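The following exercises are to be worked with the sequence and the three-dimensional model at hand. Each task is followed by a solution in steps.

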Amino acid sequence: MEADASVDMFSKVLENQLLQTTKLVEEHLDSEIQKLDQMDEDELERLKEKRLEALRKAQQQKQEWLSKGHGEYREIPSERDFFQEVKESKKVVCHFYRDSTFSGNLMEPPFQSQKKFGTNFTKLEKKTIRGKKYDSDSDDD
């Protein structure tokens, strides 16, 4: 019986909290609707221009990303090109692979399907990187 009472009390507290939250959201929405209703033509035109400018900037950013190779998965031929790619993009996902191993090819399909703008998806064969660790074709790394 005591467990039922505590469950009922918890339910009532939760119900009251949910009701208060719903009222706050409704008041906020009502105030936003009231603001929109009271806007004159000049304010609506400014709002429209602001939105159009945001859309233009988004389109310009997308074009910039396309020019940098975003939205496609491609191989980088050299270490120098790799560093150039990394410098030009804020977000880069690079798949370091080796043709001689099967596991290196498992990542190809997921990366090929990536069409996300803002992140540059590339691949680089390990043997193109300078350094003793990657100079050999051994499977111990």
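**Exercise 1.** Is R56 buried, partly exposed or exposed?

*Solution.* The model is a predicted one, and the assignment rests on computed accessibility.
- Step 1. The relative accessible area of R56 is 45%.
- Step 2. Buried requires under 20% and exposed over 50%, with partly exposed in between.
- Step 3. R56 is therefore partly exposed.

**Exercise 2.** Identify the salt bridge partner of R56 and describe the placement of the pair.

*Solution.* 
- Step 1. R56 forms a salt bridge with E53, and the closest N and O atoms are 3.3 Å apart.
- Step 2. Both residues belong to helix α2, where a spacing of 3 residues separates them by about one helical turn.
- Step 3. An α-helix has 3.6 residues a turn, so residues three or four places apart point the same way.
- Step 4. E53 has a relative accessibility of 36% and so counts as partly exposed.

**Exercise 3.** Determine which residues of helix α3 are buried, and what they pack against.

*Solution.* 
- Step 1. Helix α3 spans residues 79-88, and E79, F82 and E85 are buried in this helix.
- Step 2. These residues lie on the same side of α3, because they cover an arc of only 115 degrees around the axis.
- Step 3. The buried residues of α3 pack against β1 (73-75), β2 (91-97) and β3 (119-125).
- Step 4. On the face turned away from the buried side, α3 carries the exposed residues R80 and K87.

**Exercise 4.** Characterise the salt bridge between E85 and R74.

*Solution.* 
- Step 1. The side chains of E85 and R74 meet at 2.7 Å, N to O.
- Step 2. E85 lies in helix α3 and R74 in strand β1, so the pair ties together parts 11 residues apart in sequence.
- Step 3. Both E85 and R74 are buried.
- Step 4. For the tally, the structure holds 3 salt bridges.

**Exercise 5.** Which residues form a nonpolar patch with L44 on the surface?

*Solution.* 
- Step 1. L44 is located in helix α2 (residues 41-67).
- Step 2. L44 counts as partly exposed because its relative accessibility is 37%.
- Step 3. L36 and L47 form the patch with L44, and together the three have about 250 Å² of accessible area.

Methods. Residues are numbered from 1 along each chain as its sequence is written. This is a predicted model: local features need pLDDT of at least 70, side-chain atom pairs count only at pLDDT 80 or more; totals for chains, interfaces and linings use all residues. Side-chain values use heavy atoms; hydrogens and water are left out. Patches are made of residues with over 30% relative accessible area and no salt bridge: like charges are joined within 9 Å, nonpolar side chains (Val, Leu, Ile, Met, Phe, Trp, Tyr) within 5 Å. Accessible areas come from the Shrake-Rupley method with a 1.4 Å probe; for residues, only the protein chains shown count as cover. A salt bridge is a side-chain nitrogen of Lys or Arg within 4 Å of a carboxyl oxygen of Asp or Glu. Helices (H or I, at least four residues) and strands (E, at least two) are DSSP runs, numbered from the N terminus. Buried means under 20% relative accessible area, exposed over 50%, partly exposed in between (1.4 Å probe, protein chains only). The arc is that of the directions from the helix axis to the C-beta atoms. Contact means heavy atoms within 4.5 Å.
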